[in-house]
Amino acid sequence: MKKIIIAIDGFSSCGKSTMAKDLAKEIGYIYIDSGAMYRAVTLYCLEHQLFDEKDQVKEEELKACMNDIHISFRLNPETQRPMTYLNGSNVEDRIRTMEVSSHVSPVAALGFVREALVRLQQEMGKEKGIVMDGRDIGTAVFPQAELKIFVTASPEIRAQRRYDELKAKGQEASFEDILYNVKERDRIDQTRAISPLRQAEDAILLDNSQLTIQEQKEWLKTQFLKATHA
């Protein structure tokens, strides 16, 4: 069976990462979480005071630091899930906080940040056999991907999923704050000047608002088999 690139794009909190991880594990592909890479840069900004008092990114200072930001993924031997490392430290939990979620979109909108991370992502995909999820994988990172999925769900359903996820981790969460964050991220992601979030013309739309995890898995597996046997 030929190896392909699978690009899964879509709105925030649609469960893209979970579905991409599960699919990669099932078919023996490498999973790359592009969103985690932007979150890692955002965490670096928060830890190095690269946001001003108005929560604007100090762009010139961040640009000067980009060569000092090293992001990698390592498999957790117990869960077999990839963990995100920033400059050698495991930051998987720290990049999933609401603080990072509410700061990531302006960082991801910066051209020099996207250029640096897209180069890294393209390097990771040279050998194919990967599943990558994000906002612009099928449009900017791998426009040649053999299988492109675009995922959507209503803002309210996405906010509820995020709320449940944070509560399950024992973190304080407000549904209203999360819903506002989801809608604001949608707005920024869709209107940014560089690689805005949009469905690629050859992407297959998946609205998973009413789907169970199992139904979604079966649907994805079907799309994968169609793409590899085309």
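Figure 1. At 49% relative accessibility, D202 counts as partly exposed, where buried means under 20% relative accessible area, exposed over 50% and partly exposed in between (1.4 Å probe, protein chains only). D202 lies in the loop between α9 and β8 (204–207) and K148 in strand β7 (residues 147–152), so the pair ties together parts that are 54 residues apart in sequence. Helices (H or I, at least four residues) and strands (E, at least two) are DSSP runs, numbered from the N terminus. Residues are numbered from 1 along each chain as its sequence is written, and side-chain values use heavy atoms, with hydrogens and water left out. Because this is a predicted model, local features need pLDDT of at least 70 and side-chain atom pairs count only at pLDDT 80 or more, whereas totals for chains, interfaces and linings use all residues.

**Figure 2. Salt-bridge network of D33, E92 and R96.** Salt bridges link D33, E92 and R96 in a network. Side chains of opposite charge can pair when their charged atoms come close.

**Figure 3. Helix α9 and its surroundings.** Helix α9 (residues 175–191) has 17 residues and reaches 24 Å from its first C-alpha to its last, close to the 24 Å expected at 1.5 Å a residue; the expected span is 1.5 Å times one less than the number of residues. Its buried residues are I178, L179, N181, V182, R185, D186, I188 and D189. The elements that cover them include α2 (34–47), α4 (98–101), α5 (104–108) and α8 (155–168). R187 and E184 form a salt bridge at 2.6 Å, N to O. Being three residues apart in helix α9, R187 and E184 are separated by about one helical turn. R187 is partly exposed, with a relative accessible area of 45%, and E184 is also partly exposed, at 23%.

Figure 4. L179 is placed in helix α9 and is buried, with a relative accessible area of 15%. Not counting residues up to four places away in sequence, L179 touches P155, E156 and A159, where contact means heavy atoms within 4.5 Å. The C-alpha atom of L179 is separated by 31 Å from that of L120, which is 59 residues apart from it along the chain.

Figure 5. H103 lies in the loop between α4 and α5 and is buried, with a relative accessible area of 10%. Its side chain makes a polar contact of 3.4 Å with the side chain of S102. A polar contact is a pair of N or O atoms within 3.5 Å; within protein, one must be able to donate a hydrogen and the other to accept it, and residues adjacent in sequence count only if both atoms are side-chain atoms. Leaving aside neighbours within four places in sequence, H103 is in contact with T42, L46, F51 and D55.

**Figure 6. Nonpolar cores.** The largest nonpolar core has 38 residues, and those with the most contacts inside it are V41, L62, I69, I71, L86, V113 and F142. Such a core is a set of buried Ala, Val, Leu, Ile, Met, Phe, Trp, Tyr and Cys residues joined through side-chain atoms within 4.5 Å. Two or more residues of this core come from each of β1 (5–10), α2, α3 (59–65), α5, α6 (111–124), β6 (130–134) and α7 (137–141). The greatest contribution is that of α2, with nine residues. Not counting residues up to four places away in sequence, L62 touches V41, C45, L50, V57, I69, L110, F112 and V113. A second, separate core of 25 residues includes A24, L197, F224 and A227.

**Figure 7. Three-stranded open sheet.** The strands of this open sheet follow the order β3-β4-β5, with antiparallel pairing; two strands pair if DSSP finds at least two bridges between them. The edge strands β3 (71–75) and β5 (89–90) each pair on one side only. Five bridges join β3 to strand β4 (residues 82–86) in the antiparallel sense. T84 in β4 is the bridge partner of F73.

Notes: A salt bridge is a side-chain nitrogen of Lys or Arg within 4 Å of a carboxyl oxygen of Asp or Glu.
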